[in-house]
Amino acid sequence: MEQFREFLADNPDVVHAYPEVEDVSSAQTRVTWYLAARYCNWRNEKEGIPRDQWCYQPNDDGQYAAGMSLSEDYLRLTGYRLPTETEWEFCCRSATTTPRFYGNSDRLL
């Protein structure tokens, strides 16, 4: 939460565009993909990660909005990014290979 507070302080226009993110006392909800990409690149800049390693490219107007893109071969880059759907599911399932995180049993359904 502290990092997101710092992000908002560095980017006051975000609060105006997304007033629901102003309260950072808990986990963030309703954050768009564009805002998450902007946050990732903000973290990259803060940590000195070279731009050629950033996963998100702003649109032609320099905005994180429609028209922005993923960098070529973004899965191999070292910059911050959101997890892919496969990575997210792997984490949520705690690396299990069974149909359910607790095994094969239907008993707990």
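N41 touches W54, C55, Y56 and Y64, leaving aside residues up to four places away in sequence; contact here means heavy atoms within 4.5 Å. N41 lies in helix α3, where helices (H or I, at least four residues) and strands (E, at least two) are DSSP runs numbered from the N terminus. With a relative accessibility of 2%, N41 counts as buried. Buried means under 20% relative accessible area, exposed means over 50%, and partly exposed lies in between (1.4 Å probe, protein chains only). The side chain of N41 is also joined to that of N44 by a polar contact of 3.1 Å. A polar contact is a pair of N or O atoms within 3.5 Å; within protein, one must be able to donate a hydrogen and the other to accept it, and residues adjacent in sequence count only if both atoms are side-chain atoms.

The model is predicted: local features need pLDDT of at least 70, side-chain atom pairs count only at pLDDT 80 or more, and totals for chains, interfaces and linings use all residues. Residues are numbered from 1 along each chain as its sequence is written, and side-chain values use heavy atoms, with hydrogens and water left out. The term pLDDT denotes the predictor's confidence in each residue, from 0 to 100. The protein has a mean pLDDT of 87, and 88% of its residues reach 70 or more. Confidence is highest in strand β1 (residues 56-57), at a mean of 98, and lowest in helix α2 (residues 12-17), at 77.

Rings of Phe, Tyr and Trp (its six-membered ring) pair if their centres lie within 6.5 Å; planes under 30 degrees apart count as stacked, over 60 as edge-to-face, and the rest as tilted. Seven aromatic pairs are found in the whole structure. One of them joins W33 and Y34, edge-to-face, at 5.6 Å centre to centre and 70° between the planes. The ring of W33 also pairs with that of Y56: the centres are 5.6 Å apart and the planes stand at 85°, so this pair is edge-to-face. It links distant parts of the chain, with W33 in helix α3 (residues 33-46) and Y56 in strand β1, 23 residues apart. Y56 is buried, at 3% relative accessibility, whereas W33 is partly exposed, at 37%. Elsewhere, F4, F7, Y39 and W42 form one aromatic cluster.

Finally, helix α4 (residues 85-92) is hardly covered: among its eight residues, the count of buried ones is zero. After α4 comes S94, whose phi is positive, near 55°.
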